[in-house]
Amino acid sequence: MATTSWSERLSRVPIPEEHVIEGVARAIYSAHWRHPSPEWEHASDNVRDWVRAQAREGLTYLRGLKSPSR
């Protein structure tokens, strides 16, 4: 069975990278969201940019993994 690196797998995702980042950022924000904080759509631009930066770093980490995924 051939193995594929995370970088290769991520490059095959059939949507633009910015959409992947946006989706991961929303997931990160949602995982830590608590009332009365605003939902993602109403969060400030600074907060959304900060969470998008976390999403980008997460993808950078996955791309940098040396051992292939199965």
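Tutor: Helix H2, residues 17-32, packs with helix H3, residues 45-64, at an angle of about 110°, and the two axes are 8 Å apart. Please keep in mind that this is a predicted model. Because angles from 65 to 115 degrees count as roughly perpendicular, H2 is roughly perpendicular to H3. The crossing of these two helices is right-handed.

Let us turn to the residues that make this contact. H2 contributes Glu17, Glu18, Val20, Ile21, Glu22, Val24, Ala25, Ile28 and Tyr29. From H3 come Val47, Val51, Arg52, Gln54, Ala55, Arg56, Leu59 and Arg63.

A pair of aromatic rings is described by the distance of the centres and the angle of the planes. The count comes to one aromatic pair. Tyr29 and Trp40 form this pair, with 5.5 Å from centre to centre and 65° between the planes. The arrangement is edge-to-face, since the planes are over 60 degrees apart. Tyr29 belongs to helix H2, whereas Trp40 lies in the loop between H2 and H3, so the pair ties together parts that are 11 residues apart in sequence.

Finally, consider how accessible the two partners are. Buried means under 20% relative accessible area. Tyr29, at 12% relative accessibility, therefore counts as buried, and Trp40 is buried with a relative accessible area of 6%.

Terms used. Residues numbered from 1 in each chain as written. Predicted model: local features only at pLDDT ≥ 70, side-chain atom pairs only at ≥ 80, totals over all residues. Heavy atoms only, no water. Axes fitted to C-alpha atoms, helices over the stretch in contact; angles between N-to-C directions. Helix = DSSP H or I, 4+ residues; strand = E, 2+ residues; numbered from the N terminus. Parallel < 35°, antiparallel > 145°, perpendicular 65-115°, else oblique. Left-handed = near helix turned anticlockwise from the far one by under 90°. Contact = heavy atoms within 4.5 Å. Phe/Tyr/Trp six-rings, centres within 6.5 Å; stacked < 30°, edge-to-face > 60°. Buried < 20%, exposed > 50% of the residue type's maximum accessible area, 1.4 Å probe, protein only.
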